[in-house]
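User: I am new to this entry and would like to learn how to read its features one by one. Could you guide me through them?

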Amino acid sequence: MSNWRLIGQDNVVAFLARSLERGSLCHAYLFSAPEHSGKTALALKLAQTLNCTGNEPPCGGCEPCRRISAGIHADVQVIGLAVNDDGKSKTEVTIEQIRAINHAASMPPYEGKCRVFIIEEADRMSTGAANALLKTLEEPPPNVVFVLTTSRENLVPETVRSRCVKLKLASAPRTEISRYLEKDLGFSAERAGLLARLSQGRAGWAIIAAADDVVLAERKDNLDRFAEALESGFDFRFELASRLATRFGKSRAEIYRMLDQWLSFCRDLLLVKLDIKDEVVNTDYMSALETLSSRLGTAEARSIIGSLSNTRQYLEQNASPRLALEVLMLGLPLLGGSLKKSG
Ligand SMILES: [Zn+2]
């Protein structure tokens with residue numbers, strides 16, 4: 001079990017390892033957890049364990065384990081949202097992708113012991129794709145395991161969900177993520193601590209952010225933009241809403257991320273107001289949070305949190321992005337003075 005090496009996922013790993021030992025592994029699993037929590041990493045470890053030729057699967061060093069890590073093992077496929085010719089991501093997992101999987105699943109393993117198909121963002125399967133998969137899940141071929149992953153389990157069709165064993169990945173403890181970043185990856189205690197807090201239990205996110213400065217730089221831009229919006233009048237806010245709406249058309253994920261970061265900042269604001277500072281996530285913005293906390297009432301902070309949650313929900317329900325973002329901007333309290341990041 002120690003070979004799985006997944007931060008904070010001891011329970012699900014123990015469950016899967018026990019099932020493997022007892023020969024009671026099922027043919028379909030649904031791994032559910034927020035984005036970048038390690039769902040695909042766990043699915044790949046399972047695929048390695050099933051195909052490993054080493055002494056202690058998943059050994060990580062044998063030919064099958066290495067080919068699976070490198071994404072070149074013929075029997076292990078990961079599919080998700082494909083990319084269009086124009087470089088934009090498709091919005092659905094298509095029936096053609098599932099048909100290709102069904103076809104491959106009907107054949108015996110090519111080079112290993114077991115075929116493993118990992119379907120990311122299973123909640124985004126088109127109706128046709130879900131129905132096509134359903135047929136295979138109802139009559140599973142031998143030596144095939146399906147792992148579906150999702151961060152929105154309730155949007156996976158019930159017919160598909162009911163044919164999978166559902167496993168919820170845990171939120172990894174902050175201390176474990178921080179220790180891994182510091183001891184195993186060699187980051188400073190300060191950076192490891194901040195990223196562990198910001199990750200909200202998503203170890204994969206912390207590892208990506210630690211390795212790529214762009215992640216924290218984008219967050220800084222987003223938080224600075226929020227601070228600027230709070231300090232500005234309606235002209236600036238309308239213009240910002242318009243720019244963000246255009247951006248949303250190009251990359252929804254970017255705008256969702258921004259709203260989540262604004263939300264996290266405002267939750268911290270409320271925590272500072274309630275004097276629960278130990279729980280603050282954006283610790284590098286503590287002085288800005290304290291300044292803002294003295295200028296905004298608790299009710300105002302709560303109201304901004306409500307508006308941000310609503311905006312995200314409206315956008316997910318395909319409301320006009322421009323309208324949703326304008327309503328958000330108009331509803332923010334008007335402040336004067338300055339708000340700067342600390343340090
Ligand atoms: Zn191996």
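User: Is cysteine 62 buried or exposed, and why does it count that way?

Analyst: This is a predicted model, and residues under 20% relative accessible area count as buried. Cysteine 62 has a relative accessible area of 11%, so it is buried; cysteine 65, at 0% relative accessibility, counts as buried as well.

User: Which residues are the protein donors of the zinc ion, and what spacing do they follow along the chain?

Analyst: The zinc ion has as its protein donors the SG atoms of Cys52, Cys59, Cys62 and Cys65, which lie 2.2 to 2.4 Å from it, and along the chain these donors follow the spacing C-x6-C-x2-C-x2-C.

User: What is the geometry of the site of the zinc ion?

Analyst: Ideal angles for four tetrahedral donors at a metal are 109.5 degrees. Here the angles among the 4 donor atoms are 103 to 121°, and the site of the zinc ion is tetrahedral.

User: In what order do the strands of the sheet stand, and which strands are at the edges?

Analyst: The open sheet is formed by 5 strands with parallel pairing, in the order β2-β3-β4-β1-β5. Because β2 (76-79) and β5 (165-168) each have a single partner strand, one side of each is left without a neighbour in the sheet. Strand β1 (residues 28-32) pairs with β5 over 4 bridges in the parallel sense, and serine 32 stands opposite lysine 168 in β5.

User: Which strands does helix α4 lie across, and which does helix α5 lie across?

Analyst: Helix α4 (residues 95-105) lies across β2, β3 and β4, running at about 165° to β3, whereas helix α5 (residues 127-138) lies across β1, β3 and β4, running at about 140° to β4.

Technical notes
Residues are numbered from 1 along each chain as its sequence is written. This is a predicted model: local features need pLDDT of at least 70, side-chain atom pairs count only at pLDDT 80 or more; totals for chains, interfaces and linings use all residues. Side-chain values use heavy atoms; hydrogens and water are left out. Two strands pair if DSSP finds at least two bridges between them. Helices (H or I, at least four residues) and strands (E, at least two) are DSSP runs, numbered from the N terminus. Contact means heavy atoms within 4.5 Å. Axes are lines fitted to C-alpha atoms, for helices over the stretch in contact, and angles run from 0 to 180 degrees between N-to-C directions. Donors are N, O and S atoms within 2.8 Å of the metal (3.2 Å for Na, K and Ca); water is not among the atoms, so sites may look incomplete. Four donors count as tetrahedral if all angles lie between 85 and 135 degrees; four count as square planar and six as octahedral if opposite donors are over 155 degrees apart and all others between 65 and 115; anything else is irregular. Buried means under 20% relative accessible area, exposed over 50%, partly exposed in between (1.4 Å probe, protein chains only).
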